[in-house]
Amino acid sequence: MLTESKKEFIEFMMSADVLRFGEFKTKSGRLTPYFVNTGNYKTGKQIATLGKFYSNLIKETCGNQFDCMFGPAYKGIPLVTATAASLAIEYDMDKPYFFNRKEVKDHGEGGNLVGYQPKDKDRVIIIEDVITAGTAIRETMPILKNAADIVVEHMFISVNRCEVGQVAGKTAVMEVSQEFGIEVHSIISVQDIYEYLKQQGIYDNILKDMQRYMEQYCILS
């Protein structure tokens, strides 16, 4: 269902040129008529607003029932930072956060994790931008598991693209859930974007391209 909050988020992404329409190649190699690039957030107000959307979803979903939050490099770094700040300011939930380096540091304190150092039995939530084919989470979980014997039950993303992953008949989100036992929560889905554009009445060409793409690659509830 397209709520006012979801409309607000879609309009926020479009105003920041984060949600774009045209022809783009995803990480999985598919040519998509829409693309979400969180790297286009570039002002303090934008990242603060984004942090509020994430923190609100976290508060509604799991409340205070986690110990720390992780943002995978590179796009997850500003996302987890903004979310941690928003949780502390908006909800008085001052949770530690951390992220990884792509290259292991061989001087100073060393290692490939920056910020909080997870401990055994920590309940970690992951903050990401989107899941298309599930590639990033498969790279992320070994990093976390090598750091400590942690538990990951929740992952939060901006957009659920609802796309088929590596197994026919299953979306990448379904695969992540079954493979790692992680529940993925999104602020919006591709269905919300489609419904929003439909309500505006001025995006007929984009809607046709999106419908073709969704019929080919998406599993919609």
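## Salt bridges, cysteines and helices in a predicted model

At 2% relative accessibility, Glu163 counts as buried, where buried means under 20% relative accessible area, exposed means over 50%, and partly exposed lies in between, as computed with a 1.4 Å probe on protein chains only. This is a predicted model, in which local features need pLDDT of at least 70 and side-chain atom pairs count only at pLDDT 80 or more, whereas totals for chains, interfaces and linings use all residues. Residues are numbered from 1 along each chain as its sequence is written, and side-chain values use heavy atoms, with hydrogens and water left out.

**Salt bridges**

Side chains of opposite charge can pair when their charged atoms come close. With a salt bridge taken as a side-chain nitrogen of Lys or Arg within 4 Å of a carboxyl oxygen of Asp or Glu, the count comes to 10 salt bridges. Glu163 forms one of them with Arg161, a residue that is buried at a relative accessible area of 2%, and a network of salt bridges links Arg30, Arg161 and Glu163. Three of the pairs are set out below.

| Salt bridge | N to O distance | Relative accessible area |
|---|---|---|
| Arg161 and Glu163 | 2.6 Å | Arg161 2%, Glu163 2% |
| Arg123 and Asp67 | 3.1 Å | Arg123 30%, Asp67 25% |
| Arg20 and Asp17 | 3.5 Å | Arg20 34%, Asp17 37% |

Arg123 and Asp67 meet in a salt bridge. This pair links distant parts of the chain, since Arg123 belongs to strand β6 (residues 123-127) and Asp67 to the loop between α2 (44-62) and β3 (68-71), 56 residues apart; helices (H or I, at least four residues) and strands (E, at least two) are DSSP runs, numbered from the N terminus. Arg123 is partly exposed, as is Asp67, and in the other pair Arg20 and Asp17 also count as partly exposed.

**Cysteines**

A disulfide is a covalent bond between the sulfur atoms of two cysteines. Taking a disulfide as a pair of cysteine sulfur atoms within 2.5 Å, a search of the whole structure finds 0 disulfides. For Cys62, the closest cysteine sulfur is in Cys68 at 12 Å, which is too far for a bond, and Cys62 itself is buried at 9% relative accessible area. For Cys162, the closest cysteine sulfur is in Cys218 at 6.2 Å, again too far for a bond, while Cys162 is buried at 6% relative accessibility.

**Helices**

Helix α3 (residues 76-91) has 16 residues and should span 22 Å at 1.5 Å a residue, and its end C-alpha atoms, 21 Å apart, agree with this; the expected span is 1.5 Å times one less than the number of residues. Among the buried residues of α3 are Gly76, Ile77, Leu79 and Val80, and just after the helix Asp92 takes a positive phi of about 55 degrees.

In helix α4 (residues 135-147) lies Thr140, which is buried at 4% relative accessible area. Leaving aside residues up to four places away in sequence, Thr140 touches Phe70, Pro72 and Ile126, a contact being heavy atoms within 4.5 Å.

Which residues of helix α5 (residues 172-180) are buried? They are Ala172, Val173, Glu175 and Val176. These residues cover an arc of only 160 degrees around the axis, which puts them on the same side of α5, the arc being that of the directions from the helix axis to the C-beta atoms. The elements covering them include β7 (130-131), α4, β8 (151-160) and β9 (183-189). Just after α5, Gly181 takes a positive phi of about 70 degrees.
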